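Welcome, and please open the structure in your viewer. We will go from one selection to the next and see what is there.

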Amino acid sequence: MPDAAFDPRAVPGADAHAAALHSPALKHHFDDLGQQKEAATLGMWLFLATEVLFFGGLFAAYLLYRVWYPDVFGEASRSLDITLGSVNTLVLIGSSLTMALAVHAAATGQRRTLMIFIALTMLLGAVFLGIKGVEYYDKIVHHHVPGPSFHFEGPTPERAQLFFSLYFAMTGLHAFHMVIGLGLMTVILLMAWRGRFSATWYTPVEMSGLYWHFVDIIWIFLFPLLYLVDRHS
Amino acid sequence: MNWSLPLFPTGASTMAGKVDLLYFVLIAVSGLAVAVISLLIIAFGVRYRRRAPDQVGAPVIPSLALEIGWTAVPLVVGLVLFAWGANVYFAQARPPVETLDVYVVGKQWMWKFQHPGGQREINELHVPVGRAVRLTAASEDVIHSFFVPAFRVKADVIPGRYTTLWFNATKPGEYHLFCAEYCGTQHSGMIGKVVVMEPNAYQAWLGGGAAEGSMASQGQKIFQDLACHTCHLDSGQGRGPTLVGLYGSQVGLASGQVVTADDAYIRESVLSPAAKVVAGFQPVMPTFQGLVSEEQLLALIEYVKSLQAKPQGTPATQAPAGQQPAAATPAAPQPRAPGPAGRNPGGDRN
Amino acid sequence: MDSLTLPRTHYANAEYGLRSWLLTTDHKRIALLFLGSISAFFLIGGLFAMLIRLELLTPPGDMVGADTYNKLFTMHGIVMIFMFLIPSIPAVFGNFFVPIMVGAKDLAFPRLNLLSWYIFMIGGLFTLAAIALGGVDTGWTFYTPFSTHASQSNVMVAAVGVFIMGFSSILTGLNFIVTIHTMRAPGLTWFRLPLFIWAMYATSLINVLGTPVLAISLVAVALERALHIGIFDPAYGGDPVLFQHLFWFYSHPAVYIMVLPSMGVVSELVATFSRKNIFGYTFVAFSSLAIAVFGFLVWGHHMFVAGMSVYGAMIFSILSFMVAVPSAVKVFNWTATLYKGSISYETPMLYALGFIGLFAVGGLTGLFLATLAVDVHVHDTYFVVAHFHYIMVGGALMGYLGALHYWWPKMTGRMYPDLIGRIAAVTVFIGFNLTFFPQFVLGYLGMPRRYHAYAEEFQALNVLSTAGASILAVGFLIPAFYLLWSLKYGKVAGANPWGSVSLEWTTPSPPPTFNFDETPVIAGPAYDYREPEAKRA
């Protein structure tokens, strides 16, 4: 069970092969670091696939109602602040850039650069959440939050409420995933500060990078679907 | 203790025989498959049982032919059964053109029926034998399902939309009606019966009449009470489009879309009038959500159906729309198309 | 042959104490944790079943109130599906044997494996809490708008419980896929893998891709119920049937999660107890994948009478016929395996043969349901109940019991008395058929499902069904006794009591913590019985 303190030679039945290649990062049930990394990478991609399907249910609901009520959804969409949405999109793309640079820094063993880029990524993530907070506050002020105080000018306000319900559900779920991402970044930052990463082993950085890019990609789909509906009308 | 052991339900509709035949073929095919597999397993199991403790089985000689064969055969059998089933299903899904219309409202935990002549029933539906009956159903609360085993007919009844089903009963008698979609505490109590009568008996029962008059006349009363007539003038010059000749026609909307004025369209126009504004008119109609019940909506629909440029006959028959002359309304220049109630709200959404 | 002794040190006694079990990362110990949990849940679900069948002895609802009855069938479904069947084979036998069968020391992510058990237990506790707080009455299918607007029961708690348990399935599936891809022993190519591994792989694909959709469906129900956001509410322009699409998009593939592992087990059992290679190995392997893929394309067949367009219905119908074909292919290949085999009839083989027969009936009755015209009549009747119990109990559960009896000696080092095992298996078979076959008749007669009280003329068939259920219950309880008895008093089994050539039988019974003394090197196909003498311990 214990990893860092494990000595395979002491436990009956353990494979001597693993002992020979033993590095502190190698888990005892893997043959070598290459296999371990392959496993981690495949595992993370599979997890991201589950996330796609998780969001997918909401996307399906949105798709259905967008097709059913194009006019109302268009109107409701136009009430969103496209400037803030666009800025957020750039912020998030930027954070993916800094994340990619962080992974590269880890791969080349540059500890300080890694930490700087992780911090920048977190900063940009926080900016995103901040802007989102501003947008949510704006919704509250305009009574666009679904519930008893909901109010929307227009012929079919109940269908507009449907738009906003999906808006909050989808962006809320996305923001929740971003918060988790920030938590991951904090852990990575700490681990980097403690010198746990090297050019031979930086898998957690890479895996967190994959997760972060995924959260970014979800937004890349959310933004046009929510903000750019019938924008030109 | 009831010791009767029925093994097969009576069939009392024109579809029952078709469904049952398909069912018997399925039993035969399945029975044959199970028999063959079981016999082979038993035969091999006996013939090749282990004789000595260390005996092993013979090496496998693969056979691509066998694999392809027993993949292709079930596939073909399946496709045949699919095609046959789909064929019968088409007939189940498409009511004949001439039907006797009855309206059903399901609510926890009862079935309410309205005949066009105004007769109301609860948990009992009287129909004549030998005529196609079309039920238009709505739910007041949760999803129910209208199920008459003897007719081999079933359709979910969903809140917010109309669903239709049809049957043509072939034998007089009383048949179980069950709710077949779990709907809460008294789901198993949401039952009743369909009473199929000889034509004379049915006429007599109809004559027993309705205190409130026909559904169309009830609808007309609602139309007056809710002041609909103040905007929807027959002349078409009012704040709202005329409803004369509307039912079943093609309607041009302000958005440019063209929709069919069927049951679902009328229901939506009363509950969410701004959803489909007719071209040339302003979105000034207020919503009547909460002010009309599902039953009242059905009465209004019957009333609108009855508004023809020329009178067409009793409300108990439905004339095919093709026989109706085109009405002179500013909003519906296109010729009429047949208008059975759609399965979904809005005939444009399929 | 020398008398057999248990190995001195093995996975179950390498460390002692509660902490060594509750904080273990050994896949074999985790498997036993799951075994204990799901067995307890099975008893709970079974208790609900007995109460249901007792109520249905008489036409009026006279034993329990209507609300109580509705809660009983709901919770029977939720417990049996989410707390027993879905984890069953993967979490117990998959966890125990996937690493061993691929020649690895553990799964790819051992700590994630332990987390999976904890998540399962937390979700399970939520669900039990829902029961303790008075139950849920929506049916295990949670249909809207009843679940979101009308039910007065503990829908939220139950939905949260099921939601949490879903993550357990996802993590297990993820672990298996990565293990099978990246940790196979040298020489173990894909087409040398045991068919159980192929089945677990296909199951894991479904677990990983399907379960998240259930999760979001339950989130949507919870949001709707708590906040009335309108997503399923016609008053807001929402569509109650949208829930059905989202729900069945997972829940149809879920039934393949429940049956595919059993099919994998049956392949192992038929091979071992005929001492032969499985006929058509490649076809059986690919059929598992085909079932997983096609299984995602047929969800609409649960909704043929829900107002779907005729053309939509036709597409789902034809796909549903197609998904049956790979299952048929398996049945034919298993039967062909028996040809010129060397067949013995120990308990596991009886369960395997029982599976084949009962799954055949269950699968064929699926064709009735895929047939549009017939489905209109039998949808939401006891015909459907009979169909899925033939697959879930006659199929999946028999496969589980077969696996339990097959691998018991490997996991515990002990044999159970085979004669009593066989008696129990036959009891289960007879009791099962008596319980569920009359329900096909009831269904076509028109008895709807989820009915607390029913029409008089249905009584005799219901009485038959309840009588069968009593026998079935006895058949299920007997193994509990002799299996537990065998832990202390059973004969020592040795490494290979069945004479199988699969990899797991080359390690001691019970296996050591790291499974193999030396990483095995594989040089031949999965089922190679060409030696004149099968290996024995």
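Two residues are in contact if their C-beta atoms, placed from the backbone, lie within 7 Å. This is a predicted model, in which local features need pLDDT of at least 70 and side-chain atom pairs count only at pLDDT 80 or more, while totals for chains, interfaces and linings use all residues. Residues are numbered from 1 along each chain as its sequence is written, and chains are lettered from A and ligands numbered from 1 in the order in which they are written.

**Stop one: chains B and C**

Select chains B and C: 79 residues from chain B and 80 residues from chain C make up this contact. On the chain B side, color helix H1 (16–47), helix H2 (64–93), strand E6 (144–148), strand E7 (153–157) and strand E9 (173–179), the elements that give two or more residues each. Helices (H or I, at least four residues) and strands (E, at least two) are DSSP runs, numbered from the N terminus. H2(B) gives the largest share of that side, 16 residues.

**Stop two: chains A and C**

Now show chain A with chain C, where 33 residues of chain A are in contact with 42 residues of chain C. Helix H2 (33–68) and helix H6 (157–193) of chain A each give two or more residues to the side that touches chain C. The most comes from H2(A), with 17 residues.

**Stop three: a residue in chain C**

Finally, center on C:Ile197. Leaving out residues up to four places away in sequence, C:Ile197 touches C:Val98, C:Met101, C:Val102 and C:Ile180.
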